[in-house]
Every structure is written in C-alpha cells, then in structure tokens.
Amino acid sequence: MTDLVVRRLLIDLESPVQRHWCGGDAFRSAFFGALSMSFPIGEQFFIDSVRAGLKALPPEQQARFKDEAQGFIGQEATHRRIHALFNEQIQQHGLVNDWEPRARKRLALITSLDPRHGLAITAANEHFTALFAEWMLSHPECLDGTEPRLKTLWLWHSAEEAEHKCTAFDLYQALGGSEHWRLKWMRRVTVIFLFDTLRQTLNNLQRDGTLWRWSTWTSAARFLFGPQGMIRASIKPWRAWFQNGFHPAQQHSTLSENWLRENAPSYSVVGQRS
C-alpha cells in the first residue's frame with residue numbers, strides 16, 4: 001500500500017495565462033491545453049470509480065485500502081480544481097473544450113456497470129498519465145521558457161500521478177478483475193485517449209490560428225516523435241501493460257519522490273500544521 005499525501009499547490013491561477021504559455025510554443029501550448037481540458041471530467045470519473053470500488057469490497061478489505069483510496073481521491077480532487085482554474089484562463093483566448101461533453105456522454109454509460117469496469121478504465125488512464133508524467137519529470141526542459149507557476153503546476157501534477165498510479169489497479173485486482181477486461185479496456189482507452197487528444201489539440205490550434213504554420217508541425221514532430229519525444233519514449237512502457245503479471249509498481253523511479261522533496265515550498269500538506 002502507498003501513503004498518499006494530499007497537497008495544496010501554492011500558485012496563483014487567478015492571473016491571466018499567455019496564449020502560447022508553454023515557452024512561446026504554439027503546439028506544446030495547444031497539446032498540454034488539450035490534456036488539461038480532459039482533467040476535470042476525467043478526474044471526477046476516477047474519484048467516483050475508486051469510491052465505488054472501495055465500497056464494493058468486503059468490510060475487512062475496505063480497511064486495507066481506505067487510507068490509500070482517500071489519499072487518491074484527495075489528490076485527484078485537487079488536480080480537478082486546479083486544472084479547472086487553468087482551463088478558465090486558456091479559454092479566455094477563444095479555445096473551446098469540446099472534449100469534456102463527449103467524455104461526459106461516454107462515461108455516463110459506465111456508471112451502471114459493474115464497478116470493476118470503472119476501475120479498469122481508471123487504471124488504464126492512470127497508466128497513460130503515469131508514463132507521460134515520468135517522461136515530463138525526466139524531460140523538464142519541455143517546459144523551458146514557461147512561467148515558473150505553470151511549470152510547477154505541470155511537474156507537481158506529474159509527480160502525484162506517478163505517486164498514485166497503483167491505486168485503481170490494486171482495487172481492480174482486489175475485486176477479482178479479470179486479465180481479459182484489463183487488457184480489453186486498455187486497448188479501448190488507448191484509441192479513445194489518443195483520438196480525443198489529437199482532436200482537441202487540432203481544435204485548439206485551429207482556434208489559435210496556428211494550425212497550418214510550418215513551425216507548429218515541426219514542433220509537434222520533434223516533441224512527440226523526436227529521439228526523446230513523448231510518444232516515442234512512451235511506447236515501451238505502454239506495451240508493458242500487456243505482459244503477464246504486469247503491475248504499475250514495476251515501472252517505479254525516484255523522479256516523483258525527488259521532485260516532491262526538492263519543491264516542498266511549492267505546496268502545503270492538507271491537514272498538516274506548519
């Protein structure tokens with residue numbers, strides 16, 4: 001089990017955010033903006049899925065998972081709130097979140113299913129966010145030229161995603177979730193996640209007026225598929241999900257722990273007196 005701490009990020013998101021806030025780069029700003037647009041609805045679904053999964057466990061097992069589940073819920077609720085504030089700022093530039101209403105309709109179909117389905121979907125999405133988080137923590141230069149408060153936002157979120165990547169997976173297994181559905185949901189989530197990310201990124205670029213600029217697509221190619229690109233570097237850890245006996249803890253590194261320790265002044269621990 002993992003001791004998950006709920007942290008309150010000490011940054012200002014009331015002040016305006018620049019149009020090309022990510023180091024002046026149109027593509028990276030649109031791409032990260034697209035991801036952020038998915039977070040409020042997605043994080044709420046993850047919270048609801050973990051709550052339902054915990055409730056479905058026998059009482060003696062609930063005690064084992066209770067503290068970690070509460071920590072997970074607290075962290076995700078904080079992510080949801082912070083990214084809702086960030087989204088309000090970037091939408092001041094004319095961006096429209098088309099991802100959220102599509103996701104809301106799809107996720108509404110899941111609520112009546114066995115809670116193991118919600119946990120399998122959550123675990124699959126958490127694998128994506130964790131491997132992207134690991135990439136960001138190992139390549140913080142992708143945020144060079146970004147305001148310190150926004151760089152802190154994305155690296156803090158990455159550190160916590162890496163920290164709680166096992167929670168939904170462990171609950172799924174505790175409820176007797178099958179390997180068949182674990183793999184099936186990952187395949188589905190992969191297609192949906194990548195399609196929605198691409199669609200919202202293109203939407204953001206179109207509204208930004210930078211969709212057809214050569215510099216936009218050279219940046220995209222370098223950022224996603226270059227020698228150290230996010231997608232290129234993430235293929236191997238993504239494929240590990242399909243190995244027999246896979247567990248998210250097998251992809252552990254110290255990057256999350258190091259960032260949280262070295263940047264402690266950037267947040268306060270909820271419930272802890274200073």
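Which exposed residues does the face of helix 10 turned away from its buried side carry? I found Arg 261 and Glu 262 there, where exposed stands for over 50% relative accessible area, buried for under 20% and partly exposed for what lies in between, with a 1.4 Å probe and protein chains only.

Before going on, I noted that this is a predicted model, in which local features need pLDDT of at least 70 and side-chain atom pairs count only at pLDDT 80 or more, while totals for chains, interfaces and linings use all residues. I also noted that residues are numbered from 1 along each chain as its sequence is written, and that side-chain values use heavy atoms, with hydrogens and water left out.

**Helix 10**

I counted helices (DSSP runs of H or I, at least four residues) and strands (runs of E, at least two) from the N terminus. Helix 10 spans residues 255–262, and in it Ser 256, Trp 259 and Leu 260 are buried. Seen down the axis, these buried residues fall within an arc of 95°, so they line one face of helix 10; the arc is taken from the directions from the helix axis to the C-beta atoms. Their cover includes strand 1 (7–9), helix 4, helix 5 and strand 2 (267–269), with contact meaning heavy atoms within 4.5 Å.

**Helix 6**

I then turned to helix 6 (residues 167–174), which is mostly covered, since six of its eight residues are buried. These are Thr 167, Ala 168, Phe 169, Asp 170, Leu 171 and Tyr 172. They pack against helix 1, helix 2 (59–90), helix 4 and helix 7. After helix 6 comes Gly 176, with a positive phi near 80°.

**Ser 234 and the cysteines**

I looked up Ser 234 in helix 9, and its relative accessible area of 7% makes Ser 234 buried. Leaving aside residues up to four places away in sequence, Ser 234 touches Leu 131 and Phe 132.

For disulfides (pairs of cysteine sulfur atoms within 2.5 Å), my search gave zero. Cys 22 is in none, and the nearest cysteine sulfur, that of Cys 142, is 6.1 Å away. Cys 22 counts as buried at 0% relative accessibility, and Cys 166 is buried too, at 12%.

**Pockets**

On a 1 Å grid over the protein atoms alone, I took a pocket as an open set of points where a 1.4 Å probe fits, with protein on both sides within 12 Å along at least five of seven lines, and lining residues as those with an atom within 4 Å of a point. Grid points are joined across faces, edges and corners, and a volume is the space filled by probe spheres set on the points.

The largest pocket has a volume of about 460 Å³. It is lined by 23 residues, and Arg 106, Leu 107, Ile 121, Asn 125 and Ile 192 lie nearest its centre. Helix 1 gives the most to this lining, with seven residues.

The second largest pocket holds about 380 Å³ and is lined by 21 residues, with Phe 132, Leu 194, Leu 224, Phe 225 and Ile 231 nearest its centre. Here helix 7 gives the most, with seven residues.
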